Amino acid sequence: MSEPPSLRSRREITLRFDIPISKTLEFWASLKNGKFVTTKCSKCGCVSFPPQADCPKCMSGESQWVDLGRDATLVTFTHVRITPASFAKSEPYIIAIGEFEGGVKVLAWLEGVKAEDARPGIRLRVEPRTSAEGNPYYVFVRA
Ligand SMILES: [Zn+2]
């Protein structure tokens, strides 16, 4: 079976994302200071991650910031060997879901752990990082 005729472009494109953070500014400010916080609904007590301006369960706009701590347990992971276009220059990497005390689950890259050594149940710690553009982000490392 032959490929249908097509025109091909070999241009690289740059994607620009402007993500508004005014309602989650506390999260990013805390992360820079090494604290990992999220929102807890003042009405129903639902703890959300990522932080939510409005409660996903009861829609209340009243929330407080709570410290999740830094320790989590690996729930599951994916070893990404064929990277998406926006990470085309990245080496293969691991995306993990870690569960914090109280049941909050967080998705993040897992650094410093080989895929063959990753397994559910290992202890993780969330670590703040700063991107090349100067933006804060977080990763999991082995505790
Ligand atoms: Zn609520």
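In which strand is I97 found? I97 is found in strand β5, and the tour returns to it at the last stop.

**Before selecting anything**

This is a predicted model, in which local features need pLDDT of at least 70 and side-chain atom pairs count only at pLDDT 80 or more, while totals for chains, interfaces and linings use all residues. Residues are numbered from 1 along each chain as its sequence is written, and side-chain values use heavy atoms, with hydrogens and water left out.

Colour the model by pLDDT, the predictor's confidence in each residue, from 0 to 100. The protein has a mean pLDDT of 92, and 99% of its residues reach 70 or more. Helices (H or I, at least four residues) and strands (E, at least two) are DSSP runs, numbered from the N terminus.

**Stop 1: the zinc site**

Select the zinc ion together with C41, C44, C55 and C58, whose SG atoms coordinate it at 2.3 to 2.4 Å. Donors are N, O and S atoms within 2.8 Å of the metal (3.2 Å for Na, K and Ca); water is not among the atoms, so sites may look incomplete. Angles among the 4 donor atoms run from 101 to 117 degrees, and the site is tetrahedral. Four donors count as tetrahedral if all angles lie between 85 and 135 degrees. For comparison, the ideal angle for four tetrahedral donors is 109.5 degrees.

Along the sequence, the donor residues follow the spacing C-x2-C-x10-C-x2-C. The pair C41 and C55 links distant parts of the chain: C41 is in strand β1 (residues 37-41), and C55, 14 residues apart from it, is in the loop between β2 (47-48) and β3 (63-67). Both C41 and C55 are buried, where buried means under 20% relative accessible area, exposed over 50% and partly exposed in between (1.4 Å probe, protein chains only).

**Stop 2: the loop between β2 and β3**

Select S60, which lies in this loop. S60 counts as buried because its relative accessibility is 11%. Beyond its neighbours within four places in sequence, S60 is in contact with C41, K43, A53, D54 and C55; contact means heavy atoms within 4.5 Å.

Move to M59, in the loop between β2 and β3. Its relative accessibility is 59%, so M59 counts as exposed. M59 is a residue other than glycine with a positive phi, near 70 degrees.

Next, select P50, again in the loop between β2 and β3. A cis peptide bond, with omega of about 0 degrees, joins F49 and P50. Most residues other than glycine have a negative phi, and most peptide bonds are trans.

**Stop 3: the three-stranded sheet**

Display β1, β2 and β3: these 3 strands form an open antiparallel sheet in the order β2-β1-β3. The edge strands, β2 and β3, each pair on one side only. Two strands pair if DSSP finds at least two bridges between them; β1 and β2 have 2 bridges, in the antiparallel sense. K40 stands opposite V47 in β2.

**Stop 4: the core and the hairpin**

Select F36, F49, F100, V106, L110, Y138 and F140, which have the most contacts inside the largest nonpolar core, a group of 22 residues. Such a core is a set of buried Ala, Val, Leu, Ile, Met, Phe, Trp, Tyr and Cys residues joined through side-chain atoms within 4.5 Å. At least two residues of this core come from each of α1, β4 (71-80), β5 (93-100), β6, β7 (123-130) and β8 (136-142).

Now follow β7 into β8: the two form a hairpin with 5 residues between them, and G134 in the turn has a positive phi of about 90 degrees. The strands run antiparallel, joined by 7 bridges, and the bridge partner of L124 in β8 is R142. β7 also pairs with β4, in the antiparallel sense over 3 bridges; there, D71 has R125 as its bridge partner.

**Stop 5: I97**

Finally, select I97. I97 counts as partly exposed because its relative accessibility is 27%. Leaving aside neighbours within four places in sequence, its contacts are T73, L74, V75, T76, K105, V106 and L107. From I97 to Y137 the C-alpha to C-alpha distance is 15 Å, and the two are 40 residues apart in sequence.

Technical notes. Tetrahedral: all angles 85-135°; square planar, octahedral: opposite > 155°, others 65-115°.
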